[in-house]
Amino acid sequence: PFGHAGQDALNECMQEHGGFEHNLQSLRVVDELEEKYATFDGLNLTFESREGILKHCALKNARELGDIGQRFINKTQPSLEAQLTNLADEIAYNSHDVDDGLRSGLISLQQLREVEFFNALYEEVDKQYADLPDRRKIYEIVRRLISYQVIDLIETSKSRIESVKPETIEDVRHHSEAIISYSDAMREQNLVIKRFLRENLYMHYRVRRMSAKSARMIKELFSAFMQDTLLLPPEYQERVKQQTIEAGKARIIADYIAGMTDRYAMAEYGKLFDPKQLT
């Protein structure tokens with residue numbers, strides 16, 4: 001819950017118990033926590049799918065992951081599919097944050113127009129749909145923001161694959177840089193987008209307040225569950241009982257909190273700490 005603020009708070013809570021990385025947690029979900037099959041835990045995904053999930057990994061954790069962590073130790077490239085997933089994720093969250101920022105009023109179209117790439121998109125939309133209300137202009141600008149990045153990524157990557165001509169996964173892994181890539185111009189535009197979002201959205205005082213509040217919620221939930229595991233739902237109480245060390249208990253509690261949505265975390269916080277909610 002609460003995105004990066006929640007992740008950072010959980011990592012702080014877990015410092016004495018191995019830390020918390022959201023990529024490792026995603027792998028833990030599909031390897032261990034999902035319970036869909038009668039004979040095994042997890043989803044039994046392929047190596048390639050699991051590698052795609054593990055976008056980043058600290059070296060000390062990579063050493064404990066066996067074959068899936070080997071590329072971080074060897075400092076080689078991920079598969080083409082994993083490279084593509086990485087950039088698709090980037091396109092999705094950057095575009096989503098622009099959309100969210102505009103709809104929430106935390107950033108404005110006027111601010112966006114100070115950025116050359118955004119301004120070009122705005123003028124393109126405004127020229128074609130001069131009478132369109134701002135609300136619908138936002139839809140169209142964000143749609144084109146995604147589209148231009150996707151097209152650039154496909155065309156550049158196709159050209160690079162044709163140039164490098166990888167025949168095996170080892171050719172991909174040992175190439176000097178990622179083969180799936182934006183053009184140089186689009187890569188620079190992406191850096192501008194990230195810089196704009198960091199300065200105008202992520203550092204906005206209202207966002208900072210929400211992040212501080214959500215971090216406090218996560219820490220207080222974690223502390224309460226560590227002090228009294230009977231506050232956990234029954235299935236998590238059972239998992240805690242199977243742990244023989246404190247780190248194991250903490251990991252189960254981190255699993256529970258990491259699996260919450262924002263709304264669920266706020267509801268749990270209210271049930272534990274709001275005197276008006278006695279059920």
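Analyst: The model is predicted. The residue to begin with is Phe2, which is buried, with a relative accessible area of 15%. The cut-off for a buried residue is under 20% relative accessible area, so Phe2 falls within that class. Phe2 sits in the segment before α1, a helix that covers residues 3–13.

The backbone of Phe2 deserves a remark. Its phi is near 65°, a positive value in a residue other than glycine. Most residues other than glycine have a negative phi. Asn44 also has a positive phi, near 55°, and it too is a residue other than glycine. Asn44 belongs to the loop between α2 and α3, the latter being residues 47–53. Phe2 is buried at 15% relative accessible area, whereas Asn44 is exposed at 62%.

What does Phe2 touch? One partner is Ser214: leaving aside neighbours within four places in sequence, Ser214 is in contact with Phe2 and Ala5. Ser214 is part of helix α12, which runs over residues 205–227. Ser214 is buried, with a relative accessible area of 4%.

Not counting residues up to four places away in sequence, Leu232 touches Phe225, Gln237, Val240, Ile253 and Tyr256. Leu232 and Pro133 are separated by 99 residues in sequence and by 48 Å in space, C-alpha to C-alpha.

On the α2 side the contact is made by Gln25, Arg28 and Leu33, and on the α14 side by Arg251, Ile252, Asp255 and Ala258. By type, the residues of this contact of α2 with α14 are three nonpolar, one polar and three charged.

The second pair is α6 (residues 80–104) and α9 (residues 134–164). Their axes come within 10 Å and cross at roughly 165°. The two helices are therefore roughly antiparallel to each other. The crossing in which α6 passes α9 is right-handed. Residues of α6 in the contact include Leu80, Leu84, Leu87 and Ile91, and those of α9 include Ile138, Tyr139, Val142 and Leu145. The contact of α6 with α9 comprises 14 nonpolar, two polar and two charged residues.

What is the setting of these parts in the whole chain? The secondary structure comes to 15 helices and zero strands. The chain has 279 residues, and 41% of them count as buried; Phe2, where this account began, is a buried residue. Along its principal axes the C-alpha trace spans about 60 × 55 × 35 Å. The chain exposes about 16,700 Å², of which carbon and sulfur atoms supply 51%. Of the contacts with a separation of 6 or more, 63% are accounted for by residues 24 or more positions apart.

Definitions and conventions. Residues numbered from 1 in each chain as written. Predicted model: local features only at pLDDT ≥ 70, side-chain atom pairs only at ≥ 80, totals over all residues. Heavy atoms only, no water. Axes fitted to C-alpha atoms, helices over the stretch in contact; angles between N-to-C directions. Helix = DSSP H or I, 4+ residues; strand = E, 2+ residues; numbered from the N terminus. Parallel < 35°, antiparallel > 145°, perpendicular 65-115°, else oblique. Left-handed = near helix turned anticlockwise from the far one by under 90°. Contact = heavy atoms within 4.5 Å. Nonpolar A, V, L, I, M, F, W, Y, C, P; charged D, E, K, R; others polar. Buried < 20%, exposed > 50% of the residue type's maximum accessible area, 1.4 Å probe, protein only. Areas by Shrake-Rupley, 256 points an atom, 1.4 Å probe, with all protein chains shown as cover.
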